[in-house]
Amino acid sequence: MNIPFIDLNAQQERIRPQVERAITKVLDHGAYIMGPEVFELEQELSDYCGVKHTLSCSSGTDALVLALLALEVSKSDAIFVPTFTFAATAEAAVFGGGTPVFVDVDPGTFNICGKSLIDAIQLAKCRGLTPRVVVAVDLFGQPADYDLIEQICLDHNLILISDAAQSFGGKWKNRNVGSIGHIACTSFFPAKPLGCYGDGGAVFTNDDRLIEILRSLRVHGQGTDKYQNIRIGMTGRLDTIQAAVLLEKLKIFDAELDARQKIAERYTAGLREYVETPFVMDCAYSAWAQYTILLENRDKLSAILKEAGIPTMIYYPQIIREQKPYAEYPFVKTPVANMLSAKVLSLPMHPYLAHDTQNYIIDNIVNAMKEDKRCA
Ligand SMILES: *Cc1c(COP(=O)(O)O)cnc(C)c1O
């Protein structure tokens with residue numbers, strides 16, 4: 001057995017002729033940069049998320065950087081980020097011009113913890129920083145507790161950016177994640193729930209003023225004339241070919257989310273007696289970018305599974321605030337993030353995981369855990 005952790009080939013097989021036609025169309029018209037597919041995609045994504053504006057861009061990281069540049073944050077501004085996330089969240093806070101302040105996460109959802117956020121706001125003030133932005137990450141596909149985070153943002157006059165890189169397609173109480181926060185950001189990296197065939201990302205907002213600034217920032221800070229620059233910007237565009245690929249993938253996306261949900265349910269039903277399975281809040285619909293279990297003896301189980309041809313991944317083995325480039329930035333105590341980084345193990349997860357393959361994975365985990373109990 002050689003089981004892929006994420007099977008992008010199965011998806012490609014399903015839509016290969018449509019994708020080839022879409023790419024050929026771009027080759028025919030030749031508008032590789034900002035071609036018609038880019039604008040078509042932006043409109044479709046706005047409709048999909050129920051948000052006024054979508055700015056497609058070069059990656060999920062650049063989406064976050066563009067958002068922070070548009071907000072004109074400065075080094076004296078505290079940008080609150082969870083410390084249990086992919087590095088890009090914290091990296092963007094620095095590139096965007098702010099100072100990241102690291103916050104602990106909730107042991108159930110793995111997302112930013114409200115109580116820890118309030119501690120971090122106090123800490124930032126003590127350090128002479130102005131509390132300015134919260135970047136809430138929807139880790140592994142599950143939206144953060146936005147009722148709580150929005151209330152804290154309101155109470156402390158903070159701007160909310162949602163990092164929906166892993167949760168695109170997810171929902172918080174029927175609000176699509178792209179419509180949450182002052183600005184929402186996502187990634188179209190191939191392995192994300194909605195991935196293209198290269199790098200890509202998007203910024204979403206209902207703010208008419210911000211979208212104008214974002215459009216300018218995406219192309220070197222241009223003004224109304226191409227060679228008139230009114231601010232410092234970047235090369236932040238999404239390629240037309242990637243937009244064409246995404247338009248085809250968007251057509252099957254809801255069916256894929258459905259499949260992910262069913263696969264997650266099957267994992268939970270099969271594994272919950274043996275390992276700690278993911279907790280999803282009642283009002284959250286997860287995009288299931290990852291299916292992540294918690295257990296003490298992670299390395300032993302992953303070695304046993306590897307023997308059986310089952311790949312696993314550790315997202316994330318080291319929390320961001322403990323990594324060298326981030327050592328200088330403020331943080332509150334992060335016992336939950338530290339515990340998670342020692343216990344998480346992600347299993348193969350994608351919409352095309354066949355039942356018999358999934359049963360094989362579940363059986364191997366169950367047997368290993370039973371064996372483990374006997375030895376203990
Ligand atoms: C993947 C990811 C990003 C960055 O997206 P890229 O497109 O790879 O730049 C940002 N935040 C989180 C939480 C991610 O998982």
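Modeller: Leaving out residues up to four places away in sequence, I23 touches I241 and V245, where contact means heavy atoms within 4.5 Å. This is a predicted model, in which local features need pLDDT of at least 70 and side-chain atom pairs count only at pLDDT 80 or more, while totals for chains, interfaces and linings use all residues. Residues are numbered from 1 along each chain as its sequence is written, and side-chain values use heavy atoms, with hydrogens and water left out.

I23 belongs to helix α1, residues 8–29, a helix being a DSSP run of H or I with at least four residues, numbered from the N terminus. With a relative accessible area of 24%, I23 is partly exposed, since buried means under 20%, exposed over 50%, and partly exposed in between (1.4 Å probe, protein chains only). Although I23 and F84 are 61 residues apart in sequence, their C-alpha atoms are 37 Å apart in space.

E42 counts as buried because its relative accessibility is 7%, and, neighbours within four places in sequence aside, E42 is in contact with T54, L55, S56 and R218.

Now to the ligand itself. It is surrounded by 14 residues, of which the closest are G60, T61, D163, S187 and K192; a residue is counted here if one of its heavy atoms lies within 4 Å. An oxygen atom of the ligand lies 2.7 Å from a backbone N or O atom of G60, and a ligand oxygen is 2.5 Å from an N or O atom in the side chain of T61. In the side chain of D163, an N or O atom is 2.7 Å from a nitrogen atom of the ligand. Taken alone the ligand exposes 380 Å², and the protein buries 92% of that area, as given by the Shrake-Rupley method with a 1.4 Å probe. The elements that give two or more residues to the shell around the ligand are α3 (60–70) and α4 (88–95).

Conventions
A polar contact is a pair of N or O atoms within 3.5 Å; within protein, one must be able to donate a hydrogen and the other to accept it, and residues adjacent in sequence count only if both atoms are side-chain atoms.
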